[in-house]
Amino acid sequence: MSESLLEVSDLSMRFGGLLAVDQMALKIRPGEIVSMIGPNGAGKTTVFNCLTGFYRATGGSVQFKEQAIEKMQGYKIARLGVVRTFQNVRLFKGMTVLENLLVAQHRHLSTGLLAGLFKTPGYRRSEEKAMERAEFWLEKVGLTQFANREAGNLAYGQQRRLEIARCMVTQPELLMLDEPAAGLNPNETAELDQLISDLRRDHGVTVLLIEHDMKLVMDISDRIYVINQGRPLASGIPEDIRNNPEVIKAYLGEG
Ligand SMILES: Nc1ncnc2c1ncn2[C@@H]1O[C@H](COP(=O)(O)OP(=O)(O)OP(=O)(O)O)[C@@H](O)[C@H]1O
């Protein structure tokens, strides 16, 4: 009954002699917030890279809405509605905040080169829509007053929120966040928690999260997958993960 939005089976990624991801499986239903946790170097970001076409997985299958995407190029996967942020903020730092949000939508605009050259009514309409979406998301992440500031001059926490807005203007179905709380203070992390919950509640977006901040993970996740040394170690609701002795040994007990 509960169909998957994303279904990953037997995923593996080999770098030379290193099997960074080994038989990883994931199942994410529409509207869920799912986290992937695990020690440093466990393979979490590599999984993200395989799911979003940055790497071609060396084995396994990835289905998004029952369509195989494991061999698809990244921009096509993004167009299907799978978008991500990066562990290290990747904005166009020399562009303004607003420009970052407009550029992000370019690939998604349904207009061709000629329409752009001649500024057809269809082109102008889609530009207006792009501007409306940009303004909406600026407001949502509290950056309206910084619209014309260079993105590189924003405070770190604001850059992180801009990254999320940049994903959201493309109207994704699956939003993948790679350590969004890294470098944030506790207040900013609490705001992030709220923002992610709102994205799901108000915009129906499904979220896959890599995160080391256990408070955030336990608070926000419907389900959690634990990876250790590239392999699935456990999965379940936060309560089960928190009390799983294997997980405590491999990860939670680490610090
Ligand atoms: N392009 C690459 N070439 C070679 N090895 C890589 C490459 N990318 C990742 N690795 C290796 O794969 C393993 C998994 O790395 P990955 O970054 O996926 O871990 P992670 O769980 O995201 O870690 P962290 O929590 O520290 O971000 C590591 O041993 C890493 O050195």
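Biologist: What distance separates the centres of domain 1 and domain 2, taken over C-alpha atoms?

Modeller: This is a predicted model: local features need pLDDT of at least 70, side-chain atom pairs count only at pLDDT 80 or more, and totals for chains, interfaces and linings use all residues. Residues are numbered from 1 along each chain as its sequence is written. The chain has domain 1 (1–81 + 172–255) and domain 2 (91–171), with bounds from an automatic or database domain assignment. Taken over C-alpha atoms, the centres of domain 1 and domain 2 are separated by 26 Å.

Biologist: How many residues does each domain bring to the contact?

Modeller: Two residues are in contact if their C-beta atoms, placed from the backbone, lie within 7 Å. By that test, domain 1 brings 10 residues and domain 2 brings 11 residues.

Biologist: Which element gives the largest share of the side of domain 1 that touches domain 2?

Modeller: Helices (H or I, at least four residues) and strands (E, at least two) are DSSP runs, numbered from the N terminus. On this side, α2 (74–80) and α7 (186–203) each supply at least two residues. The largest share is three residues, and they come from α7.

Biologist: How do the residues on that side of domain 1 divide into nonpolar, polar and charged?

Modeller: Ala, Val, Leu, Ile, Met, Phe, Trp, Tyr, Cys and Pro count as nonpolar, Asp, Glu, Lys and Arg as charged, and the others, Gly among them, as polar. The side of domain 1 that touches domain 2 then has seven nonpolar, one polar and two charged.

Biologist: Which residues of β8 are buried on each face?

Modeller: Strand β8 (residues 206–210) is mostly covered, with five of its five residues buried. In a regular strand the side chains alternate between the two faces of the sheet. In β8, one face has Thr206, Leu208 and Ile210, and the other has Val207 and Leu209.

Biologist: In β8, which residue is the bridge partner of Leu175?

Modeller: Two strands pair if DSSP finds at least two bridges between them. Strand β7 (residues 174–178) runs parallel to β8, with five bridges. Strand β3 (residues 33–37) also runs parallel to β8, with four bridges. The β8 partner of Leu175 is Val207.

Biologist: Which strands are the edges of the open sheet of four strands?

Modeller: The order in this sheet is β2-β1-β4-β5, with antiparallel pairing. Seven bridges join β1 (residues 6–15) to β2, and five join β1 to β4 (residues 59–64). Strands that pair on one side only are the edges here: β2 and β5.

Biologist: Which element gives the largest share of the shell around the ligand?

Modeller: A residue is near a molecule or strand if its C-beta atom, placed from the backbone, lies within 6 Å of it. Around the ligand are Phe15, Leu18, Ala20, Gly38, Asn40, Gly41, Ala42, Gly43, Lys44, Thr45, Thr46 and Gln87. Two elements give two or more residues to this shell, β2 (18–28) and α1 (44–51). The largest share, three residues, comes from α1.

Biologist: How many residues of α1 are buried?

Modeller: The buried residues of α1 are Lys44, Thr46, Val47, Phe48, Asn49, Cys50 and Leu51. Just after α1, Gly53 has a positive phi of about 80°. Of the eight residues in α1, the buried number is seven.

Terms used
Buried ≥ 20, exposed ≤ 12 C-beta atoms within 10 Å, placed from the backbone.
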